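This report covers the fold, the packing and a few individual residues of one protein. Please keep the sequence and the 3D view open while reading.

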Amino acid sequence: MAENCPSRARKRIEFRLSSKIGRQDKKVAKFVMQKAKKYQEIKACGEYSQKQIREAYSRTDVLVCPSRSDTMPIVVTEAMMCHIPV
């Protein structure tokens with residue numbers, strides 16, 4: 001994630017991660033929260049309203065879905081509907 005990016009690139013990147021990440025796997029949630037404390041580019045976010053989702057998509061250049069179990073979650077579909085590369 002952030003540590004694998006050159007520092008000059010990290011200044012232009014923001015990783016937003018849903019707070020839902022910990023509902024299924026507490027180890028993953030703990031790992032993400034530790035990284036969020038270490039790197040200011042990583043933001044742990046709560047659930048968004050529809051208005052917040054539209055605003056976030058308007059500022060999004062690319063969406064990455066790292067899920068191994070849900071390969072087509074609604075966030076991927078919504079991003080594609082907004083013409084965002086996934």
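This is a predicted model: local features need pLDDT of at least 70, side-chain atom pairs count only at pLDDT 80 or more; totals for chains, interfaces and linings use all residues.

In α3, the residues Ile 53, Ala 56 and Tyr 57 are buried. Buried means under 20% relative accessible area, exposed means over 50%, and partly exposed lies in between, with a 1.4 Å probe and protein chains only.

Residues are numbered from 1 along each chain as its sequence is written, and side-chain values use heavy atoms, with hydrogens and water left out.

## Overall layout

The protein has four helices and two strands. Their order from the N terminus is α-β-α-β-α-α. Helices (H or I, at least four residues) and strands (E, at least two) are DSSP runs, numbered from the N terminus.

Of the 86 residues, 24% count as buried. The protein exposes about 7,000 Å², and carbon and sulfur atoms supply 53% of that area. Accessible areas come from the Shrake-Rupley method with a 1.4 Å probe; for residues, only the protein chains shown count as cover. Take the contacts (heavy atoms within 4.5 Å) between residues at least 6 apart in sequence: 48% of them join residues at least 24 apart.

## Nonpolar cores

Which residues make up the largest nonpolar core? There are six: Ile 53, Tyr 57, Leu 63, Val 76, Ala 79 and Ile 84. The elements giving two or more residues to this core are α3 (50-58) and α4 (74-81). Another core, of five residues, lies apart from it; Leu 17, Val 32, Ala 36 and Ile 42 are among them. A nonpolar core is a set of buried Ala, Val, Leu, Ile, Met, Phe, Trp, Tyr and Cys residues joined through side-chain atoms within 4.5 Å. In soluble globular proteins, nonpolar side chains tend to be buried together.

Tyr 57 belongs to the largest core. Neighbours within four places in sequence aside, Tyr 57 contacts Leu 63, Val 75, Glu 78, Ala 79, Cys 82 and Ile 84.

## Charged residues

How many salt bridges does a search of the whole structure find? The search finds one. Glu 14 pairs with Arg 16, with the closest N and O atoms 2.7 Å apart. A salt bridge here is a side-chain nitrogen of Lys or Arg within 4 Å of a carboxyl oxygen of Asp or Glu. Both partners are partly exposed: Glu 14 has 45% relative accessibility, and Arg 16 has 42%. Side chains of opposite charge can pair when their charged atoms come close.

Lys 35 is found in helix α2 (residues 26-38). Is Lys 35 buried or exposed? Lys 35 counts as buried, because its relative accessibility is 17%. Not counting residues up to four places away in sequence, Lys 35 touches Glu 3 and Ile 42.

Glu 47 is placed in the loop between β2 (42-45) and α3. At 53% relative accessibility, Glu 47 counts as exposed. Glu 47 and Leu 17 are 30 residues apart in sequence, and their C-alpha atoms are 9.9 Å apart in space.

## Cysteines

The count of disulfides (pairs of cysteine sulfur atoms within 2.5 Å) comes to zero. Cys 45 lies in strand β2. Cys 45 is buried, with a relative accessible area of 11%. Cys 45 and Leu 17 are 28 residues apart along the chain, with C-alpha atoms separated by 5.8 Å. Cys 65 counts as partly exposed at 28% relative accessibility. Cys 82 also counts as partly exposed, at 41%.

His 83 is in the segment after α4. What is the phi of His 83? Phi is near 65°, a positive value in a residue other than glycine. Most residues other than glycine have a negative phi. His 83 is exposed, with a relative accessible area of 74%.
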